[in-house]
Amino acid sequence: MGKGKRLGMVGAVIAVMALVVGAVSPALGSSSQGAASTSSGHAGQDQTIRVLAMFTEFDPNIDVGAPGFSLGDVVVFSGNLLRNGEQVGRIGVVCTFVSTANQERVEAQCPTTSILPGGQITTQGTIVNRSLNFTLPITGGSGRYQGAGGQVVSRDLSTPTQPQVELTFHLEF
């Protein structure tokens, strides 16, 4: 595989990771069993939500900097959030490459938004290299997720033809 194609794939993977991180937040439930939460007040009620993010659209090579893979290039992707095979939300991610000089450690800044029943959850952080296994901070939310903090943990479950991750949101209110 050529250098350009590898870097494009790295960009796509980084973008997918970022998207997944932000998308699977708490809209799917509370506690370790993932039961749906309907309360709007969360004082002292931490939640753990687990979903599968299946990416359906992505552009792994938006070349906005110098020609070829370089600082400032962008990867954009989106997909569905699933629980027990049913769609429960959507996720969107935009990753901008902030360090490309060392091919062994390519970094991208990736804000994400997960749209879930009752509100949205946002995340933001730096994704490193091709791994879809990462942890990112939850930066906020709206609706039933207003005031959310915590972190999301992504675990790569991709197949050769379908990029997907399991997202576990550890929400703190």
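A nonpolar core is a set of buried Ala, Val, Leu, Ile, Met, Phe, Trp, Tyr and Cys residues joined through side-chain atoms within 4.5 Å. I kept that in mind while going through this structure, which is a predicted model.

**Entry 1, core.** I looked up the largest nonpolar core and found that it has 28 residues. Leu81, Leu167, Phe169 and Leu171 have the most contacts inside it. I then listed the elements that give two or more residues to this core: β1 (47-62), β2 (74-83), β3 (86-99), β4 (107-116), β5 (119-128), β6 (134-141) and β8 (164-172).

**Entry 2, strand pairing.** I checked how β7, residues 149-156, is held by other strands. β6 and β7 run antiparallel and are joined by 4 bridges. In this pair, leucine 136 stands opposite valine 152 of β7. β7 and β8 also run antiparallel, with 8 bridges between them.

I counted 1 disulfide. Cysteine 95 and cysteine 110 form it, with their sulfur atoms 2.1 Å apart. The link is right-handed, with 125° about the S-S bond. Because cysteine 95 lies in strand β3 and cysteine 110 in strand β4, the pair ties together parts that are 15 residues apart in sequence. Is cysteine 95 buried or exposed? I read a relative accessible area of 0% for cysteine 95, so this residue is buried. Cysteine 110 also counts as buried, at 0% relative accessibility.

**Entry 4, salt bridges around glutamate 166.** The count of salt bridges is 4. I started with glutamate 166 and arginine 50, whose side chains meet in a salt bridge at 3.9 Å, N to O. Glutamate 166 is in strand β8 and arginine 50 in strand β1, so this pair ties together parts 116 residues apart in sequence. Glutamate 166 also forms a salt bridge with arginine 155, the closest N and O atoms being 3.1 Å apart. Salt bridges that share partners join Arg50, Arg155 and Glu166 into one network. For burial, I noted glutamate 166 as buried at 19%, under the 20% cut-off. Arginine 50 is partly exposed at 41%, and arginine 155 is partly exposed at 42%.

I found the side chains of arginine 90 and glutamate 57 meeting at 3.9 Å, N to O. This pair links strand β3, which holds arginine 90, with strand β1, which holds glutamate 57, 33 residues apart. Arginine 90 is partly exposed at 28%, and glutamate 57 is partly exposed at 48%.

Note on methods
Residues numbered from 1 in each chain as written. Predicted model: local features only at pLDDT ≥ 70, side-chain atom pairs only at ≥ 80, totals over all residues. Heavy atoms only, no water. Buried < 20%, exposed > 50% of the residue type's maximum accessible area, 1.4 Å probe, protein only. Pairing = 2+ DSSP bridges. Disulfide = S-S within 2.5 Å.
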